[in-house]
Amino acid sequence: MTMTSTDISRAINDLLFTPGLDLTEAIDRHFAPDYRQRTNGVWSDRTSFARHMTRLRSLIRDGQVEVQDELRDGLSYADRHTVTLTHHDGHVSRTEVYLFARMAPDGRFRCVEETTLLVTGEGDDSQLGLIN
């Protein structure tokens, strides 16, 4: 598959803020078949990632991602971004994320390691982890 290298903003927008886009299509667009990640010390594979995205889509109404810093060097990618989520009950949560990734040769994420910090929101919002 030849494509333009993805980035976190496009990935999150497709995964969470484009409800008409099929989740499987969104995941295939941005994440390699052997994708895995570690969020706040917990490893997961692509299957558990898809389950988590399904859950997040059911809990949020809208949101936005703001990238503060973004660096690329070959297949290495790093960024600092903030995700603001509006939940179906109307409350808003905001999470700051520090992310380091390895990209697949086709431009999709292969491995992500990230740390998240809940900036505003309710107690349970820290368990939502954007990519977890």
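Which residue lies over the face of Trp43? Arg36 does, at 4.1 Å from the ring centre. A charge counts as over a ring if NZ of Lys or CZ of Arg is within 6 Å of the ring centre and within 35 degrees of the ring normal.

## Basis

This is a predicted model; local features need pLDDT of at least 70, and side-chain atom pairs count only at pLDDT 80 or more. Side-chain values use heavy atoms, without hydrogens and water.

## Aromatic pairs

The structure holds five aromatic pairs (ring centres of Phe, Tyr or the six-membered ring of Trp within 6.5 Å; planes under 30 degrees apart are stacked, over 60 edge-to-face, the rest tilted). The Phe31 and Phe49 rings have centres 4.8 Å apart and planes at 55 degrees, so this pair is tilted. Phe31 sits in strand E1 (residues 31-39) and Phe49 in helix H3 (residues 46-59), 18 residues apart. Helices (H or I, at least four residues) and strands (E, at least two) are DSSP runs, numbered from the N terminus.

Tyr35 and Phe49 pair edge-to-face, at 5.2 Å centre to centre and 65 degrees between planes. Tyr35 lies in strand E1, so this pair ties together parts 14 residues apart in sequence. Tyr35 is buried at 1% relative accessible area (buried means under 20%, with a 1.4 Å probe and protein chains only). Phe49 is buried at 0%. Ring pairs link Phe31, Tyr35, Phe49, Tyr77 and Phe109 into a cluster.

## Glu114

Glu114 lies in strand E6 (residues 109-120). Glu114 is buried yet has no salt bridge (a side-chain nitrogen of Lys or Arg within 4 Å of a carboxyl oxygen of Asp or Glu). The nearest side chain of opposite charge, Arg38, is 10 Å away.

Methods: Residues numbered from 1 in each chain as written. Buried < 20%, exposed > 50% of the residue type's maximum accessible area, 1.4 Å probe, protein only. Lys, Arg positive; Asp, Glu negative; His and termini not counted.
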